[in-house]
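These are my notes from a first look around. I wrote down each thing as I looked it up.

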Amino acid sequence: MFDVATMQISRLLPEMILIGVALAAILVDVMLPKGKSTRGVQWTVIIGLIVVLASTFFNRENTGPAFGGMVVIDGFTMFFRLVLTFITLLIVTVSETYLGSLNIRIAEYYLLLVFSLFGMLLMAMAQDLLIVFLGIETMSVCLYALVGMSRHKHASNEGAIKYFLLGSFTTAFFVYGIALMFGVVGSTNIVDIMVYLSGVSGNVPMLAWASAGLILVAFAFKAALVPFHWWSPDAYEGAPTTVTAFMSTAPKAAAFAAFLRVFYVAFGDMSETWTTVLWVIAAITMTFGNLLALRQDSVKRMLAFSSITHAGYLAVALLTFDQMGAAAILFYLMIYALMNIGAFLVAIAVNRNENDEKGYAFEDYRGLVFRKPAMALAMLVFMLALAGIPPTAGFFGKYYIFSAAVKSGFVGLAVIGVLNSAVSVYYYLRLIVFMFLKDRDEASETPGFNLSGEMVPIVIFCVILVLLIGFFPDALLAVATRSVTVLL
Amino acid sequence: MEHAAEQVHHAADTVAAAAAHAPDLHYAIWLLLFPLIGLVVNGLINRNWPEKLTGWFGSLMIIGSFSVAVSLFMQLLKLDPHHRAVNVTFFNWLNIGGLHLDFAFLIDPLSVVMILVVTGISSLIHIYSIGYMHGDARFRVFFTYLNLFVFFMLILVLGNNYPIMFIGWEGVGLASYLLIGFWWEDMSKAEAGMKAFVVNRIGDFGVLIAMFLMFSHLGTLTFSEVFPAAAQHYAHDLNNAVIVGIGLMLLLGAAGKSAQFPLYVWLPDAMAGPTPVSALIHAATMVTAGVYMIARSSMFYVLAPNAAWVVALIGGFTALFAATIGLRQFDIKKVLAYSTVSQLGYMVMACGVFAFGAGVFHLMTHAFFKALLFLGSGAVIHTMHGGLHHVNDHHTDPQDIRNMGGLRKKIPVTFWTFLLATLAIAGIPGFSGFFSKDEILAYAFMFFKGEGGLTILPYVLGLVAAGLTAFYMFRLVYLTFYGKYKGPEGSEEGLHESPAVMTVPLMILAILAVIGGWVGLPPVLGENLNKMHHWLEPVFAPSFEAVHYHPEHLSMGTEWVLITIAVLTALFGIGLAWMFYIKQGREAKPDSEQTGFAKVLWKKYYLDEIYNAGVIQPLIKTCKFFWHGVDEKVVDGGMVHGSARTVRWGGSVLRTLQTGVVGNYAVLLVIGVVAILLAVYVR
Amino acid sequence: MIMDLTVGLNHYLILAAILFAIGVMGVLTRRNILIIFMSVEMMLNSANMTLIAFSHYLENAGGMIFTFFTLTVAAAEVGVGLAIVVTIFRNTESLDVRKLNLLKN
């Protein structure tokens with residue numbers, strides 16, 4: 001009965017290495033003297049994540065199901081493995097100095113990042129709702145703690161508890177949905193569900209509909225789609241900014257990975273109804289995020305709301321239920337990670353005082369181009385990319401999403417989306433106005449925290465990639481298109 | 001679709017075969033590299049160069065581009081007229097999901113006209129700016145932005161497919177925005193100026209949708225493929241919804257960029273930027289991008305005559321409407337701004353009556369005389385500043401023509417060049433504007449002759465607008481340069497002619513404004529004298545051939561009658577202005593004495609107020625509703641301020657809202673869950 | 001498949017659904033963080049009950065196995081959740097969610 005060979009454990013080599021890295025990091029933390037240990041842990045994790053990336057790359061031919069079909073390693077999994085690990089690597093690299101400024105230099109920060117990455121990898125490879133559930137929970141439990149990392153700050157506590165309560169609340173819906181699906185199909189395996197649903201074609205029992213609806217809610221929650229997004233602005237604002245940068249990119253990517261796998265494979269036969277539901281969700285998500293982002297005076301909170309809007313764009317591509325839309329999602333997730341992380345890093349650098357309630361104000365950017373021209377230029381690139389203005393990668397991201405929508409006949413939604421992206425220019429541009437068109441106000445200027453040495457290469461890297469993908473988007477899109485073939 | 005793609009490929013092969021004999025034009029990339037070098041050097045490397053060096057360096061880079069443009073023009077001249085379309089491919093740019101795009105230039109008669117105008121005018125304006133911006137603290141930044149603008153403008157007109165054009169399209173928008181905001185110091189103005197960018201985004205949205213439609217129905221976005229494909233599919237299905245949609249969406253884009261009704265509102269505000277910027281971007285080049293795009297997409301409009309008719313009406317209406325506003329403006333730059341809107345309307349209208357060549361011709365002559373008018377107005381403002389500075393007056397508006405008068409004697413070079421440009425825009429025979437305007441009116445009349453009925457409208461609108469233009473332009477000249485000086489006491493001593501870096505470009509432009517139209521002489525003067533028409537013909541010929549469109553022919557007699565009517569109209573306008581402002585010596589009234597229709601005109605039909613009340617305020621209210629209403633009141637306020645109040649209300653539903661922040665979030669979340677379950681239930 | 005189930009299963013399912021609804025109402029109406037938390041646990045356990053009921057009647061152990069995982073995950077959530085609750089209590093000396101309104105628009 002128990003046969004190691006059929007488990008195909010070698011296909012999960014990167015994940016095993018990842019767990020090894022976490023364990024090694026714990027040991028490093030214990031062995032090094034206090035005060036120096038976090039640096040050691042950080043380096044251990046950096047090297048470990050690079051090894052994970054390398055092992056993913058060299059192990060790329062070893063595809064197929066593992067653990068008796070509970071998980072599947074295919075092109076889709078590979079894509080998310082690389083993207084998610086890469087995002088985590090960026091965040092780990094830039095965290096140390098920033099954590100020092102918050103007085104929360106603790107090794108557990110890195111461990112939590114690694115474990116949440118593990119959860120996200122499970123979500124990307126899951127072929128069973130049980131694994132999706134375990135992945136979501138592993139990720140979320142780590143994120144709750146990460147949001148509350150600044151233990152002495154009320155905002156951090158508050159963001160954490162809101163996220164935690166609403167997150168576990170949604171988990172209950174999710175489990176209930178899975179339970180109903182189990183009752184209907186007799187299995188929680190995604191392939192079994194697909195076979196069952198296509199078998200009863202057109203005559204899907206009501207319980208299965210309810211179950212799929214509840215599962216949709218859970219994914220929409222993690223992806224921060226309106227009206228399930230309520231936690232996200234508060235959690236994003238309360239969390240340490242590196243965590244915000246992480247949360248607005250990686251978990252969102254993982255949520256869409258699971259969303260795609262479950263809805264395209266398992267619920268593919270129900271796509272017509274989900275298209276309608278997602279149409280409404282996408283339209284209100286884009287609009288809601290935009291209208292609130294317009295009114296923010298804090299760059300951090302503006303980015304939090306804009307992140308909701310971007311989730312709305314992704315939902316537009318999601319509801320096409322075709323290859324072009326799925327590929328557009330993968331493409332957009334990658335470039336969104338680059339531009340958003342870049343923007344948050346510059347925001348960290350410009351912010352004068354973490355403990356100031358008025359932190360991250362637009363006012364701090366007054367005349368930035370005269371003080372720190374390179375930083376202002378980098379922020380300009382990120383803002384233009386987020387606004388979707390060519391020749392940055394952001395333009396092609398939106399272009400693919402909306403042309404996928406038009407191609408599938410959702411012209412109305414594409415119109416709403418393009419109009420929304422026109423509105424969004426307003427608040428991104430507002431920051432550009434502050435940076436480039438306003439004179440500096442020397443009286444109120446404080447030196448700011450500055451880009452620490454480790455952040456500089458990452459910001460430059462993000463700028464280069466955002467522009468490079470903007471000029472040559474087809475390599476990434478080709479990879480994305482190949483990765484989604486397994487879904488359809 | 002498969003079959004069509006094959007045909008398109010075949011067509012592309014033929015083009016490639018022709019290209020085999022074409023000269024190697026890859027050096028065209030230097031058109032872009034020069035401004036790029038200028039912008040990198042001035043933007044990043046240049047730290048403390050002296051002003052002169054910075055300015056001349058930036059200018060030389062543009063002159064470099066201009067010489068490349070001239071050389072490309074020579075190269076095309078050597079080719080057979082029907083092979084004057086050279087695709088210069090640099091690399092394969094995108095290749096995904098059936099969309100194949102190269103990073104490539106299309107060097108053809110149309111793009112060559114555009115690059116000559118863009119680089120030529122830019123060179124002159126760069127040089128002029130060395131004098132105009134003298135002493136500005138951000139001199140270096142100004143030249144960086146100017147080079148950035150030229151860079152994107154050239155991408156816009158050179159790209160051989162819509163996405164590349166769109167990159168330039170967005171880029172010039174950004175550069176223009178940075179330059180408009182160049183002198184803004186306080187927040188309110190900066191935010192108001194976002195109008196330019198946001199209005200333009202509405203237009204961009206049209207272009208995007210048009211591209212989506214093209215891609216999904218024609219499968220390509222490259223000019224040399226998409227037009228034949230459109231012709232093949234829709235030549236026997238005129239006014240198909242898809243093509244009409246593409247045409248109207250492109251018109252929306254053009255209306256944003258080229259300031260057509262109702263999206264023109266940003267252009268007069270854009271005059272807040274430095275005057276050279278108004279001359280270059282908001283008169284001569286960027287605002288003509290929309291006209292360029294419509295002319296480039298001529299195929300779609302001949303295939304969708306209904307869309308073209310809308311183009312003609314919007315253009316004609318804009319021409320007339322803006323001219324009436326121009327009648328009553330007192331700010332010298334505002335008069336010119338509305339006149340630009342009006343002239344752009346002319347060009348758009350020309351495209352609407354299938355006179356694409358005439359539209360582009362007017363685009364060129366307009367670039368000469370309007371750039372000259374703006375630079376001249378800049379020189380006037382410069383002079384007025386000098387005068388006001390002389391008496392330490394910082395309250396009098398140096399741009400208000402009610403403070404000018406009699407400047408003719410003080411600044412003769414500016415006066416004479418300004419007068420020549422005014423004669424050109426008024427359509428006096430012999431000057432450049434006359435020939436292009438006449439050609440447009442002739443085509444509009446031909447269009448009427450062919451279609452009959454209401455299609456007389458474009459001609460009438462154009463003719464009336466021409467008369468009004470002559471009137472308000474001469475009103476401007478008389479009030480500014482004739483009569484008595486009306487500025488503050490003593491400031492007269494401080495009025496001086498501008499330096500040579502400013503006056504020499506004026507003189508060069510003046511020559512162009514006079515002779516620039518001689519490349520397109522009307523048929524009444526002899527056969528084959530309209531060089532411009534023949535030069536552009538191969539660009540538009542495939543469109544006309546696709547639908548076998550042949551414009552009506554006009555007899556010599558009709559031509560002469562049309563010319564006479566146009567000239568008389570212009571002379572009538574000038575005469576009226578002469579009678580009012582010279583013979584009767586009328587003076588413009590101060591703001592408080594404006595009454596009746598004149599006041600309506602002066603207030604620009606109150607459109608800004610209507611926009612504010614009808615569009616902007618409701619938008620702000622909606623935002624406030626979501627901000628204060630939904631998120632603050634329902635979500636957070638429900639707990640903080642609302643708890644006491646809602647207890648009194650005691651409603652059972654509201655009770656759930658008052659429990660707390662997370663509780664309220666949870667309520668809204670559950671409402672979402674219920675909505676989804678209901679949706680699948682009623683499915 | 002559901003059609004030929006015995007009445008017994010439906011009893012279980014309805015009981016679980018009622019428990020689930022009570023849990024939802026608890027989350028919606030309570031203001032003490034711990035009680036909200038317990039309501040969530042109740043929802044989770046009603047889902048577990050559904051799983052086990054199905055598992056028993058379908059004679060498929062999958063549902064019961066799933067329940068083990070749910071329980072474990074719930075325990076982990078409790079661990080992190082209580083840690084957050086403790087820090088909040090230290091900072092504000094209150095467990096009332098109404099008092100957590102620093103972050104808002």
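A word on the source. I am reading a predicted model, where local features need pLDDT of at least 70, side-chain atom pairs count only at pLDDT 80 or more, and totals for chains, interfaces and linings use all residues. Residues are numbered from 1 along each chain as its sequence is written, while chains are lettered from A and ligands numbered from 1 in the order in which they are written.

**Chain C**

I stayed with Glu59(C) and looked up its phi, which is near 50 degrees, a positive value in a residue other than glycine. Is Glu59(C) buried or exposed? It is exposed, with 7 other C-beta atoms within 10 Å. My cut-offs: buried takes 20 or more other C-beta atoms within 10 Å of a residue's own, exposed 12 or fewer, and partly exposed is in between, with C-beta atoms placed from the backbone.

Chain C as a whole has three helices and zero strands, and its elements run α-α-α from the N terminus on. Of its 105 residues, 37% are buried.

**Loops in chains A and B**

I then turned to Asn239(B), another residue other than glycine with a positive phi, near 60 degrees. Asn239(B) sits in the loop between α9 (223-234) and α10 (241-257) of chain B. It is partly exposed, with 14 other C-beta atoms within 10 Å.

In chain A I noted a cis peptide bond between Val226(A) and Pro227(A), with omega about 5 degrees. Pro227(A) belongs to the loop between α9 (206-222) and α10 (231-238) of chain A.

**Helix α7 of chain A**

How many residues does α7 (residues 154-185) of chain A have? It has 32, and it reaches 46 Å from first C-alpha to last, close to the 46 Å expected at 1.5 Å a residue. (The expected span is 1.5 Å times one less than the number of residues.) I see that 30 of the 32 residues of α7(A) are buried, so this helix is largely enclosed by the rest of the structure. Just after α7(A), Gly186(A) takes a positive phi of about 85 degrees.

**Two helix pairs**

Axes here are lines fitted to C-alpha atoms, for helices over the stretch in contact, with angles from 0 to 180 degrees between N-to-C directions. Angles under 35 degrees count as roughly parallel, over 145 as roughly antiparallel, 65 to 115 as roughly perpendicular and the rest as oblique.

In chain A, the axes of α18 (residues 393-407) and α19 (residues 411-437) come within 7 Å and cross at roughly 155 degrees. That makes α18(A) roughly antiparallel to α19(A).

In chain B, the axes of α19 (residues 412-426) and α22 (residues 500-515) come within 9 Å, crossing at roughly 25 degrees. These two, α19(B) and α22(B), are therefore roughly parallel to each other.

Last, I checked the interface: 42 residues of chain B are in contact (C-beta atoms, placed from the backbone, within 7 Å) with 45 residues of chain A. Which helix gives the largest share of chain B's side? It is α29(B), with 12 residues.

Note on methods
Helices (H or I, at least four residues) and strands (E, at least two) are DSSP runs, numbered from the N terminus. Two residues are in contact if their C-beta atoms, placed from the backbone, lie within 7 Å.
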